[in-house]
Amino acid sequence: MHLPKYTLPLSIIGTIAGGTVLLKDYMGGPRYKGEERIAGKTVIITGANTGIGKETARELARRGGRIIMACRDIEKCEKVRQEFILETANHNIECRKLDLASIGSIRAFCKGIHASERHLDILINNAGVMMCPKMLTEDGFEMQLGVNHLGHFLLTYLLLDKLKASAPSRIIIVSSLAHKRGSINFDDLNSANSYDKHEAYKQSKLANLLHQKELVSRLEGTGVTVNSLHPGIVATELGRHLPITKSSFSSFLLFPIKFILMKTPIQGAQTTLRLALDPALETVTGKYFSDCKELPPASQALDDVAAKRLWAVSEAWTRANVP
């Protein structure tokens, strides 16, 4: 009996394809398997209309939460909101304007939250920018420091009373493995004298961890927990400023490697979901996670003196304590 001449090639192709899918799933890390419902809980997610934030918001909406999508692009946010409503049948989803590169926008957003929301159970500081050309925020801050750290610092600061009143509540900070190679340059924190987009990004991600450290100290005994995470290397719009994304030829050549090694946004959202949902973490605070498990952060993220100094500078620069 002779097999059709295409049988062996097709079998080989099928085996390679199946193996590739299995390898990608493995490289994507573990999935959070809890099935908790969060009906009655209010969640704010920054950058909820794209990437990891979008998939986090989608899953939390599916679980019945009141989801406030805090986004700069309201038109894009509204399209995603309608998508979520159709998919989850949860109509308790809102778009709210929030530009983390604007102190005025952050203050207006928080004023609206205090006026409209009786409680806030989960704050997810997810939005960010990465390795962009030298740009300044509306208030003159270097963009990566301004959005990744200072914007979220002010947002969290202005919502602390609501979070405390809603305890047990959770603050989740999406940081990066890049914090391990970062340092805080207090002599040129705003990169006014020199700018390196890689160093500025790493500094902003270390700032996330130092922000967490000081928050934990200030929130001791309040029932508000603060944890951070590295989502993995995820295929999202965050990498739009990287040189490889601007070259069609390079993108084409490296597509197979990127497809296997980079997480999808759904895979990248899994650690955030665990920190937001897992009942076992209700009293866990000040920890750093990746692939749904706790890991030690870099030693520089544990510097109490630097954490307090960064807090003082951030509070002054954002005029956080000014009514």
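User: What makes the charged end of R309 count as sitting over the ring of F186?

Analyst: This is a predicted model, where local features need pLDDT of at least 70, side-chain atom pairs count only at pLDDT 80 or more, and totals for chains, interfaces and linings use all residues. Residues are numbered from 1 along each chain as its sequence is written, and side-chain values use heavy atoms, with hydrogens and water left out. A charge sits over a ring if NZ of Lys or CZ of Arg is within 6 Å of the ring centre and within 35 degrees of the ring normal. The charged end of R309 sits over the F186 ring, 4.2 Å from its centre.

User: Why is the pair of F153 and Y157 called tilted?

Analyst: Rings of Phe, Tyr and Trp (its six-membered ring) pair if their centres lie within 6.5 Å; planes under 30 degrees apart are stacked, over 60 edge-to-face, the rest tilted. The F153 and Y157 centres are 5.9 Å apart, with 40° between the planes. So this pair is tilted.

User: How do you know whether W311 is buried or exposed?

Analyst: Buried means under 20% relative accessible area, exposed over 50%, partly exposed in between (1.4 Å probe, protein chains only). W311 has 4%, so W311 is buried. F153, at 1%, is buried too.
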